[in-house]
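Please read them beside the sequence and the 3D view.

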Amino acid sequence: MTLSTDNGKGLMLMIRLENVEKHFAGQPVVHPLSLTIDEGEFLTLLGPSGCGKTTILRMIAGFEQPTTGIIRLDGEDVTQLPPNKRNLNLVFQHYALFPHMTVEQNIQFGLKMKKVPAKEQRERIDEAIRLTQLTALAKRYPHQLSGGQQQRVAIARAIANKPKVLLLDEPLGALDLQLRKNLQAELKQLQRSLGITFVYVTHDQEEAMMMSDRIVIMNTGKVEQIGSPRDVYERPETLFAATFIGENNIFHEERLFTVRPEKVRVTPELADTRKTGIIQDIVYLGNVHKLVIHLENEPTSVTSVLDFTDQRDWSIGQKVGVHWNLQDEVTVGR
Amino acid sequence: MNKRSFGVLAPVVLWLSFFMVIPMLAVIFVSFMQRDNLGNIVWTFSLDNYARFFEPLYLGIYWDTIWLSVLTTVFCLLLSYPLAYYMTTLGPKAQKFWLIGITVPFWINFLIRTYAWIILLRTQGVVNSLLMDIGLISEPLQMLYTQGAVLLGMVYTFIPYMVLPIYVSLEQMDKRLLEASSDLGASRWRSFWHITLPQTKSGMMTGSVLVFVTTTGMFVVADILGGAKSQMISNIIQNQFLGARDWPFGSALSVIFVISSLVIIGLFNRALRSSYDSSKEAKA
């Protein structure tokens, strides 16, 4: 497992977690973790629910105190600082917009608390509203907005403060698929144009792959792997990482290794192949065409994604050869 | 209204008309009548009863009543909010304990509870003895049969009506709003002022209306703790029906009081809502 400290781009460090650990009622929910996040980086904490990713985010925001360890923000030790003294903002999972304030007043709230001069408040509100395309809705109340619009307000309210870091706790979790896809692209765009560090929590691996510079894969309070989307997909280090991101074939022989379905080739000829098996299922999804093959003399199935130019006829029950290249085997730890 | 919904509503309408509308109409009707020397109702129309209300004696008592009710409401609000807030900061067990503690007095007869205050407040009462024993005063204080005693009794009686709605609205408030406010740089005090207080307005509203309305209609406390000196409009009304046997005048006072209570509640509602609206418009 790598605990990367520098991604080699020579950027300034924004957040440093040093051996941060969190227990609830004596039970560890976050095992000792060290992690650095660069200025302007889009880092995603990815994992199933209960893996500790939200706890890490809440510790960075200041809503939880680490049991041990130090959290630094832009060089300063903020471990003991309350949330209102930290120069970062959190976009809450269910937005937590103030119901008795208009969109504009919600955005203004943070500026008012920080006693920003009135003129600058106006400019920053306008900018945040423009960036999140809320101009037409500025005078509305949260209950008059759709889920996607409320989400935009939550982001506008956070970025108006010009935080050093924006923390996002499953910000798209409550939205339907189509809207999620649009907002993912919008968020990524926004992050690039603002140049702010984003720390993003999600359980959706596709979302993590699409948006992140680096992904921290977590399971039961432990970091499984940290790496770029390409790293974690092509070079998973643990069994969990190999199966949580994308589909994978697991082989448990003298060692544990995985082969991605798109690296598995299927041939009607049975000679000179690694394995043979019987086609169990054919899955056609338009852009993806998959075969599920039950291996002979082994209790496992293998999935193969066919080349989209593949025009051969396959039928369930057909006996086929299964093959892959040695370099596509990825050895993983447990 | 279609036939079916009328069918559903019929029992409610009947119930209301029997216990509310018909008695109210009877009171309104009687208020325009006259009485003879023996106290019988004379069935001739007259506005005299309403004119009599504007005599200084009754106007004075009317204003005293309103003033006392306003004071009671304000004191209840000021005392109840911190208590309700404190309760919500406790664990579930302690909260239950406090809730029971607040409702226990309801199980004891109201008159007995009010008489208990006499034991505390009278010249040779518990409070005076205590103060004299520790040498703070040499002469007993006159506490019973004052306006202050009535106010104290009222506040004591009606505090639960204020605590419970405020407690409920505090409990129902989305606590994540406070996290959001803290995240946006607000101290605990400013979070309370800008988020908690506006978010619990409905509870304060409900409590205030409950306390105000019941205080204006309450005559027992003034009777027991206020003595002969302090009279509330309800004491006068009660007296017209039971002592003076002037039902038409008592009815007229009742009608005036119901109308003025409605007006005051309406104004109160309006004031709270418009303070909201004007703050909205100011930013617009």
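Notes on the structure

1. Leu167(A) touches Leu57(A), Ile60(A), Ala61(A), Leu88(A), Asn89(A), Leu90(A), Val91(A) and Val199(A), leaving aside residues up to four places away in sequence. Touching, or contact, is taken as C-beta atoms, placed from the backbone, lying within 7 Å. This is a predicted model, in which local features need pLDDT of at least 70 and side-chain atom pairs count only at pLDDT 80 or more, while totals for chains, interfaces and linings use all residues. Residues are numbered from 1 along each chain as its sequence is written, and chains are lettered from A and ligands numbered from 1 in the order in which they are written.

2. Leu167(A) also matters for the nonpolar core. The largest such core has 77 residues, and Leu167(A) and Val216(A) have the most contacts inside it. Helix H4 (residues 147–159) of chain A gives the largest share of this core, six residues. Apart from this core lies another, of 36 residues, among them Trp117(B), Ile159(B), Ala222(B) and Phe257(B). A nonpolar core here is a set of buried Ala, Val, Leu, Ile, Met, Phe, Trp, Tyr and Cys residues joined through C-beta atoms within 7 Å. A residue is buried if 20 or more other C-beta atoms lie within 10 Å of its own, exposed if 12 or fewer, and partly exposed in between. In soluble globular proteins, nonpolar side chains tend to be buried together.

3. What joins E6(A) to strand E7 (residues 165–169) of chain A? Four bridges do, and the two strands run parallel. Strands pair if DSSP finds at least two bridges between them. Helices (H or I, at least four residues) and strands (E, at least two) are DSSP runs, numbered from the N terminus. Within this pair, Leu90(A) has Leu167(A) in E7(A) as its bridge partner. From E6(A), Leu88(A) and Leu90(A) point one way, Asn89(A) and Val91(A) point the other way, and all are buried.

4. The contact between the chains involves 21 residues of chain A and 18 residues of chain B. On the chain A side, strand E6 (88–91) and helix H2 (103–113) are the elements that give two or more residues. H2(A) gives the most, with five residues. By class, this side of chain A has ten nonpolar, eight polar and three charged residues. In that count Ala, Val, Leu, Ile, Met, Phe, Trp, Tyr, Cys and Pro are nonpolar, Asp, Glu, Lys and Arg are charged, and the others, Gly among them, are polar.

5. Chain A has eight helices and 18 strands, and 39% of its 334 residues are buried. The C-alpha trace of chain A spans about 80 × 45 × 40 Å along its principal axes. Chain A is divided into domain 1 (13–239) and domain 2 (250–331), with bounds from an automatic or database domain assignment. The centres of these two domains, taken over C-alpha atoms, are separated by 40 Å.

6. One open sheet of chain A has five strands in the order E13-E17-E14-E15-E16, with antiparallel pairing. Strand E13 (265–267) and strand E16 (301–305) stand at the edges with a single partner strand each, so one side of each is left without a neighbour in the sheet. E13(A) pairs with strand E17 (residues 319–323) of chain A in the antiparallel sense over three bridges. The bridge partner of Thr267(A) in E17(A) is Gly321(A).

7. A further open sheet of chain A has three strands in the order E11-E12-E18, with antiparallel pairing. Strand E11 (249–252) and strand E18 (330–331) are at the edges, each with a single partner strand, so one side of each lacks a neighbour in the sheet. Four bridges join E11(A) to strand E12 (residues 256–259) of chain A in the antiparallel sense. His252(A) has Leu256(A) in E12(A) as its bridge partner.

8. Thr243(A) is placed in helix H8 (residues 239–244) of chain A. Why does Thr243(A) count as partly exposed? Thr243(A) does so because it has 15 C-beta neighbours inside 10 Å.

9. Chain B has 13 helices and two strands. Of its 284 residues, 27% count as buried. The C-alpha trace of chain B spans about 75 × 70 × 40 Å along its principal axes.

Terms used. Contact = placed C-beta atoms within 7 Å.
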